[in-house]
Amino acid sequence: MVRVLLRLVVSSVVVVVTVVSLAAIAIWRELTQDLPAVTELLDYRPPTATRVLASDGTPIGEFYVERRYLVPIAQVPTQVRLAFLAAEDAEFYRHPGIDVTAIARAMIANVRRGEIAQGASTITQQVVKQLLLSPERSIERKSKELILALQLEAKLTKDEIFYLYLNHIYFGAGTYGISAASHAFFDVEPGSLSLAQAALLAGLPQAPSRYDPRRHPEAARRRQRYVLDRMLAANFITPVEHAEARDEPIAISSRSRVSYDAAPWYVQHVRTLLEQEYGSAFATLGLQVRTAVDLEMQAAAEEALREGVRTIERGLGTRRRIRRLPANRIDEFLEHQGARRPREGRQQAVVTTVKAKEILVRTPWEVGVVPRNDAGEKHADPYRSGDVVSVDSVGRGDDGVTRFAIEPEPQLEGALIALDPESGEVKALVGGVDFHRSQFNRAVQARRQPGSAFKPLVYAAALDQGYTATTMVEDAPISLPDGRGGEWTPKNFDDKYMGRVPLRTALVKSLNTVSVRLALDVGIDALRDHLRLFGFPTEFPRHLSLALGSSEVTLLDLTRAYAVFATLGRRFDPVVVTSVTDSNGYPSAFRGSHPRFERVMNPGTAYVVSDMMQGVIESGTGREAKKLGRPAAGKTGTTNDSMDAWFVGFTPDLVVGVWVGFDAERSLGSYTGGRAATPIWTAFMNRALEGRPVREFGKPDDVTIVRVDAATGLLAVPGRSSRMQAFIAGTEPTRPAPQPTLELESVADIRVGEPDVDEDSRAARP
């Protein structure tokens with residue numbers, strides 16, 4: 001009987017063991033058959049932020065889906081690593097991927113509290129969960145996590161696993177990884193973190209929103225002290241280090257880094273180029289993009305444009321009250337303004353109190369005072385509480401309160417671009433007055449009529465057809481068929497005509513009828529062929545008004561065209577991005593990152609046109625640029641009804657274009673290219689070239705300089721007005737001018753001189 005019972009027991013045990021084994025095998029197969037391969041982590045390539053740098057290496061922008069910068073584990077200081085180990089897994093370097101003791105301790109604690117109050121996931125398990133599994137909470141997912149953790153430990157070293165953890169975890173505020181978190185919260189590299197800062201960051205991954213130091217500073221501080229206590233308990237730090245870190249003040253950096261406001265238009269254009277090169281994935285590739293922007297020039301360009309537009313606005317009498325808010329909308333409005341605008345510079349404020357001698361205004365950051373004499377107030381329409389106005393700080397009073405002046409709200413816009421003719425690089429690019437108000441980039445996106453600023457390109461075509469700067473041309477009324485059964489009659493700005501004048505004088509005086517006659521003589525198709533050499537991206541229509549700048553171009557394209565003159569006939573594609581490196585630091589090919597110059601014009605032609613454009617500055621519509629005090633050439637442009645004002649000019653060092661106008665169709669009134677755009681150009685050039693030696697334009701070998709008679713363009717003779725003039729060798733005059741007579745001299749002075757008073761001509765399209 002005993003033997004039977006024994007056999008029965010043994011058989012039962014065998015059956016149970018067999019069933020359990022089979023069940024275990026089945027469960028194991030079920031758990032492991034769909035497991036992701038841990039070998040995927042051997043080639044870890046997470047979405048990484050692409051950063052944009054200025055020419056000197058200063059960060060000026062970044063693009064990301066997940067704000068993350070990969071950092072090698074060797075570049076993370078020991079105390080930073082210890083802070084994370086103390087917070088998450090102090091036994092990390094001693095367990096095989098799972099911590100059985102911690103699991104048991106957590107189970108006991110959770111049973112006692114009747115809820116899941118304590119976890120036991122190791123750093124290895126967290127890496128597996130974040131990179132290989134879903135975030136669901138289930139026994140199956142947890143079982144797979146344990147299996148994968150053991151497999152991962154067999155494939156990677158502890159440092160390699162820790163590297164994955166530190167670079168992948170989420171810290172809140174849109175930041176992923178230790179490097180991005182260090183920059184976002186403290187604006188430093190991980191290697192510069194203090195112990196107190198490291199402890200605060202180490203406490204964030206458990207609950208990034210709950211411990212956000214910006215929104216919940218006290219909770220973040222408590223979590224930081226918990227991490228420090230854990231570090232002390234684990235003997236990672238000494239009691240002295242613990243006490244010093246607990247007492248160290250913590251300063252969280254601003255959400256927006258100031259340097260990222262340094263060149264917003266430039267960075268926006270870089271983004272467009274990156275999208276063209278890499279597609280939408282460019283923001284996940286971890287690229288480091290070095291650009292050509294010179295931050296000092298960029299700042300000078302933004303200031304010159306802003307101040308120039310402000311001066312014009314004052315002259316135009318632009319409105320000062322922007323809108324009126326009800327009392328219950330003021331706080332919301334100011335909070336919104338504070339989130340989207342920097343504190344520096346012009347900002348929008350709300351009138352809170354109107355007193356006899358002053359007006360109190362509130363900005364997103366402070367309450368200030370506007371003296372009534374700085375308010376630009378109209379007696380018929382006084383300010384009231386709730387009025388939104390645009391203000392600029394003018395200093396602080398003796399009471400420490402900021403004094404503001406109310407400025408016209410910007411409606412007028414402008415753009416500026418600066419090219420280096422030697423390197424082909426874009427040194428500054430400004431697409432509008434206020435990037436926070438409008439991100440439309442008027443320097444590269446807006447297509448406007450250039451007016452007379454287009455004429456030098458037409459004159460170059462005439463020179464290539466045999467004209468010279470002293471060829472006598474006819475300035476007289478002209479009427480031509482408009483193609484619709486009527487007539488087109490282009491007119492000069494003042495509706496006055498000078499008769500026969502040298503070609504140089506016609507450009508200096510910006511005579512419309514001469515430009516049209518040149519287009520007729522050159523031929524419209526030949527002129528269109530000639531314009532292709534400047535690299536415009538689109539074909540121009542077969543309209544004679546093309547000679548007056550009626551076809552729309554961008555500021556970048558027209559400035560690039562002028563660069564052909566500045567480089568003595570060489571065209572180049574402007575360089576914005578100078579180099580790109582990938583996430584591993586290796587150079588990455590990028591189209592357009594190296595200058596490519598192509599000879600498209602005879603050097604002599606380019607020099608002669610430049611020489612004539614120097615006359616525009618010396619005595620024509622660009623006289624304001626004469627204040628620069630160094631050799632410069634350029635041309636103004638103003639379109640019909642003063643809708644657009646231009647000045648594009650250059651020195652041997654820089655080629656700069658400026659446009660001013662309204663986005664909508666609205667006149668600038670009496671402001672022409674000479675009054676609106678040229679002062680901005682001059683102000684920028686003065687700052688950009690400050691400290692540089694004065695350089696003369698280089699003269700090519702095929703150009704000769706001859707003294708000619710101002711009235712006839714023939715060789716100068718004593719007793720008559722004359723000037724030095726450039727000619728392509730072999731085209732200079734050989735006959736002397738007539739001997740002077742009182743009558744002839746007086747006619748020359750009246751008819752063909754280059755007087756101090758002239759205005760720019762307008763484009764007129766039939």
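Mentor: Happy to; we start with the strand and its hairpin, then turn to the nonpolar cores. This is a predicted model, in which local features need pLDDT of at least 70 and side-chain atom pairs count only at pLDDT 80 or more, while totals for chains, interfaces and linings use all residues. Residues are numbered from 1 along each chain as its sequence is written, and side-chain values use heavy atoms, with hydrogens and water left out.

Strand E21 covers residues 633-638; strands here are DSSP runs of at least two residues, numbered from the N terminus. Six of its six residues are buried, so E21 is largely enclosed by the rest of the structure. Buried means under 20% relative accessible area, with a 1.4 Å probe and protein chains only. On one side of E21 sit Ala633, Lys635 and Gly637, on the other Gly634, Thr636 and Thr638, and all are buried.

The partner of E21 is strand E22 (residues 644-650), joined to it in the antiparallel sense over six bridges; pairing requires that DSSP finds at least two bridges between two strands. Gly634, for instance, has Gly649 in E22 as its bridge partner. Five residues lie between E21 and E22 in this hairpin, and in the turn Asp641 has a positive phi of about 60°.

Now the cores. A nonpolar core is a set of buried Ala, Val, Leu, Ile, Met, Phe, Trp, Tyr and Cys residues joined through side-chain atoms within 4.5 Å. The largest has 122 residues, and Phe534, Phe565 and Phe684 touch the most other members. Apart from it lies another core of 48 residues, including Ile123 and Leu193.

Definitions and conventions:
Buried means under 20% relative accessible area, exposed over 50%, partly exposed in between (1.4 Å probe, protein chains only). Helices (H or I, at least four residues) and strands (E, at least two) are DSSP runs, numbered from the N terminus.
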